[in-house]
Amino acid sequence: MNRVRTRLMVLHVMVVVMLVALGVRLWQVQVVQGEEFVSAAAETRTRNVVVPAVRGQILDSSGVPLVRNRTALVVSVDRNQALKDPGVLRRLAAVLDRPLGQLEKRIRLCGPGVTRPCWPGSPYQPIPIDEKATTREALAILERQEEFPGVTAEIQAVREYPGGRSGAQMLGYLQPVTQEELERRDGLKAAFSGVDVVGRDGLEAVYDEALRGRPGLRKVQVDRLGKALGVEQQVAPVPGDHLITSIDSRIQRLVEQALKNAMKKAPRADGAAGVVLDPRTGRVLALASAPGYDPAVWTDGISEEEYQRLLSEKTGKPLVSRAINGQFAPGSTFKVSSVAAMLRAGYPLNGRYPCPGAYMVGNRAFHNFRGIGLGTLTLHMALVRSCDTIFYRAAYEEYLRDGGLHPKKPPQERFANTARAFGFGRPTGIDLPGESAGRIPDRAWKKSLWAQTSADSCRRARTGYPEVKSASRAAFLKRLAYENCAEGYLLRPGDAANFSIGQGDVLVTPLQLARAYAALVSDGRLRSPRIGWALVRPDGRLVRRIDPPVVGRLPLTEKERAYIKNALSQVASDGTAAGAFAGFPMDLVRVGGKTGTAEVYGKEDTSWFASFAPTRNPRYVVVVMVSQGGMGGQTAAPAVREIYEGIYGLTGEDPIKPATRLPVIASDGTVRR
Amino acid sequence: MTDRTLMVAPRRSLARLTAQSAMRRLDGVLLVAVGALCVIGTLLVWSSTRTWAPGSTGLVKKHMLNLAVGAVLSSAVAMLDYRHVRIYAPFVYVVTLAGLVLVITPAGTAVNGSHSWIMLGGGFALQPSELAKLGLVLMLATLLAKPAKDGDRPRALDVLLSLLAAGVAIGLVMAQPDMGTALVLAVITVGALVLAGMRKRWILALALTAAGAGAAVWWLELLEPYQVARFAAFLDPSVDPRGVGYNSTQSLIAIGSGGLYGKGLFEGGQTTGRFVPEQHTDFIFTVAGEEFGFVGALAVVILLGVVLLRGLRIARQCGDRFGALVAGTIVCWLAFQIMINVGMTVGIMPITGLPLPFVSYGGTATFANLMAVGVLQAIRMRDRAFN
């Protein structure tokens, strides 16, 4: 028994040592390191949840929403959880009644080789996979959270477009924010929310920051499965501002309908654009581009097929707004700039100019339209009847005065510089992203083009075009390549002549043309057009008024402007657009304008009509361009007529009176018109 | 007739007398300590399971029922004359073995990968490996209580029989597989042999054999990958804090965040959030750590210490070899389980699936632990040395 007792004593000592060790360790963990673990616990126990701010609406000038929000039940998946347990997606596919493959595709990260549907946003954000979930589906998910770890079903605001396809390119669209964009934003680095989106195009992109608002932050106590237990701290979100635009949704629809009709009439037309400006303010009343598309496709995770369709040539690239990105030779609509250039070059305003059927520019004859001579004309009639040879001659004379092919002193380049003063060759600065600049083919441009193409031209000058079947065409191309190689950096006389009537290498956008005409028929000031009119808080408080800034002045005196405007005022009644406006009640509304028919090699002509009305104190400048639409008087002018008829209520409908004052938004968010 | 009456009457009164004096000899401190632990355990189980569903009290009610049944069993055992237990011991042992065999047949049910359960229906289940601990204690003490002629060392044959008895039980438990319980059974065996007075060189040989077996298990890769991972995570929990290191990391966070005085009952955010897995069973101590703080956790350790030291006192004061061996071995068993369980929650022991005696939720374990206390009380009350 003694031995047992001795060994029990040893056991006793061991037990005491163990108890002391545990006590010491507890002291160490709880008291010495306690603070450390308290913060570690707070970290694991709380999660920052970003409460998305309601995005502001985009309204038209009378307060009608162009883009608004609708609430939707959105089912989102935590990508990491879904990858960890493949059963989650399988069960989700069953509940949502969708093919598993589709869900799997939608949670892939977009990247090289990964085509849509894929997730273009941050991998740490919950990925929305169903934006049209029913309450029953949402309940099935929420009630069995243990089967759906990382899956949430929340009511979220989703963009809605009451006007359907109307103004789609101008309004733009939203896409999930990328990781880089998220990191650039202040204070939200680690936080995420299900609907962190960013405006990718159009007004949504330009006014993104104002529309977005400031997301709120909720510190939520969560359990191991991420289920919220309670809120520790909350910062309420600040909803985004509403953007009131100067767009009149009725005129916008009118323009779109007119473009559609025009394209139907011109069988080879592959695109069209229409711009309506208020020349007195420089505000945009309508900005349309055809073909269009339904912006709702962006809302529910666009499919690769749809995406490719939007980008493809075959469907006419409906994502591209031809009003600001369509670059076309302006044809005779450009002559307003050329007249100004002539006046600045010293040609008298009241002079008389011969308009022969053809004019020799260097050793090459340049013809009038259909080669018909029009006798001797005033500048007024030259515009009304669209004589070309008067401008060929003036441009050629100016070209020679500048020194021809090899100017000795710096050339004046009056025609090019006047065009610049009319706002061509640079973006108008409208509040839309990615606007095109157009092109003014002057001597400097020729040089830079030659620098880029001479190597290829010179190679072709040697090798010719063996792949071209027609022998004569191949020979022509080879000669052209030789010319371009040898002297492609030179502005040739023909280039100068073509430029004066808006043909050749000159390119303008419909918006550029519209604002040049707006300046011409109003006060001579060139404005940077604006679609945005004001930003207001949801309760109606004005944040900021947006006014089109004056960015230049036309190089014309008031008298000269009045002369040109007067000439243009006769085009629709007696000139090249008379056919299109036959029977139009000019006594009620007198419409002025200028047709344009620009030749495009290998294609149908570009049809233009730049107009304004009423001729006394114009309220509207309307420009329509139909790519491959044929003659200006045939396709574009009738479309413009249709627009005016709609605005002035000439077909029996009520006339449209665009708002002149900002719509008043009451503090409860309703709009008083 | 009178003869018979005369013969019987004194024996009856003697029995009554001994029963009364026995009751008086009940170890009150042990009783209070175990009772306090059971009450604390009930609160902790409640705290850790009340968030499972709104107003969830199902599990804590079941736990209280387990405690009640355990108390009845414990009292019953305490009333027995422990010396008679020597006679029952082989039967108890065989019955528990039968249970162990039954669980690895299709009659058993697996929970968390271990085939350890026999479902009784009505939501009740039996875990024979818990009872096997007590069965083995009694069996080994019975075998080793009879000393060899040369003094108070066990006979070689009895040692071999003991190793055989332990080996069969350990083997069956490992087949479930339940490494934690197998380890406890091994500790019980070593404890019993050492306490019984086995020669030091035998002890050394046993230790070397155990080390050799351990090495063999390691080299032959007999362990499941999760067991190796658990061990690696023990050595450095930061290797994979979301995976195998998750338990120990979360357990430390829960306990550490309790600080000196704790967050108060039901106020532990880590407990409410169910960050620590198996919190009402193996990790129950983390609830004490978080909600009662250092003061409360230390109190639990002290109460457990009181139970162990009272057990040792009973063993030391016991007049016969059998009683001393049983009591001492029970202390070895409980001490080992406490050290592993509390040790793993504070990061000084690897994660092993062992419940904390008297505190953790678990029916069979509660029965076995309380019956072990009953055995201690029985030894205390009936020991001849005190009479």
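Modeller: What follows takes the labels one by one and sets each value against its criterion.

Colleague: What kind of model is this, and how confident is the predictor in chain A?

Modeller: This is a predicted model, and chain A averages a pLDDT of 87, with 95% of the residues scoring at least 70.

Colleague: What are the two chains made of?

Modeller: Chain A contains 24 helices and 25 strands, and chain B contains 14 helices and three strands. Of the 673 residues in chain A, 45% are buried, while for the 387 residues in chain B the figure is 50%.

Colleague: Why is B:Gln279 called buried?

Modeller: The criterion asks for 20 or more other C-beta atoms within 10 Å; B:Gln279 has 28 of them, and is therefore buried. This residue lies in the loop between α11 and α12 of chain B. Leaving aside neighbours within four places in sequence, B:Gln279 is in contact with B:Ser48, B:Thr271, B:Arg274, B:Ile284, B:Thr286 and B:Val287.

Colleague: How far is B:Gln279 from B:Asn247, in sequence and in space?

Modeller: B:Gln279 and B:Asn247 are 32 residues apart in sequence, and their C-alpha atoms are 9.9 Å apart.

Colleague: What makes α5(B) and α6(B) roughly antiparallel?

Modeller: Helix α5 (residues 128-145) and helix α6 (residues 156-174) of chain B pack at an angle of about 170°, with their axes 9 Å apart. Angles over 145 degrees count as roughly antiparallel, so α5(B) is roughly antiparallel to α6(B). Among the residues that make the contact are B:Leu136, B:Leu140 and B:Leu143 of α5(B), together with B:Leu161, B:Ala165 and B:Ala169 of α6(B). By class, the residues of this contact divide into 11 nonpolar, two polar and one charged.

Colleague: How do you know that β22 and β23 of chain A pair?

Modeller: Pairing requires at least two bridges between two strands, and seven bridges join β22 (residues 606-613) to β23 (residues 620-627) of chain A, so the two strands pair, running antiparallel. In this arrangement A:Ala613 stands opposite A:Tyr620 in β23(A).

Colleague: Why are β12 and β21 of chain A called edge strands?

Modeller: Five strands of chain A form an open sheet in the order β12-β11-β23-β22-β21, with antiparallel pairing. β12 (283-290) and β21 (592-598) of chain A each pair on one side only, and they are the edge strands of this sheet. Direction ignored, neighbouring strands of this sheet are turned by 5° against each other on average. Helix α21 (residues 510-521) of chain A packs on the sheet, where α21 touches β11 (271-278), β22 and β23 of chain A, and the direction of this helix makes about 150° with that of β23(A).

Colleague: How many residues bring the two chains into contact, and which element of chain B gives the most?

Modeller: In the model, 42 residues of chain B are in contact with 34 residues of chain A. On the side of chain B that touches chain A, at least two residues each come from α7 (179-195), α10 (246-256), α11 (269-272), α12 (284-317) and α13 (321-345) of chain B, and α12(B) gives the most, with 12 residues. By class, that side of chain B has 24 nonpolar, 14 polar and four charged residues.

Terms used:
Residues are numbered from 1 along each chain as its sequence is written. Chains are lettered from A and ligands numbered from 1 in the order in which they are written. This is a predicted model: local features need pLDDT of at least 70, side-chain atom pairs count only at pLDDT 80 or more; totals for chains, interfaces and linings use all residues. Two residues are in contact if their C-beta atoms, placed from the backbone, lie within 7 Å. Helices (H or I, at least four residues) and strands (E, at least two) are DSSP runs, numbered from the N terminus. Ala, Val, Leu, Ile, Met, Phe, Trp, Tyr, Cys and Pro count as nonpolar, Asp, Glu, Lys and Arg as charged, and the others, Gly among them, as polar. Axes are lines fitted to C-alpha atoms, for helices over the stretch in contact, and angles run from 0 to 180 degrees between N-to-C directions. Angles under 35 degrees count as roughly parallel, over 145 as roughly antiparallel, 65 to 115 as roughly perpendicular and the rest as oblique. pLDDT is the predictor's confidence in each residue, from 0 to 100. A residue is buried if 20 or more other C-beta atoms lie within 10 Å of its own, exposed if 12 or fewer, and partly exposed in between; C-beta atoms are placed from the backbone.
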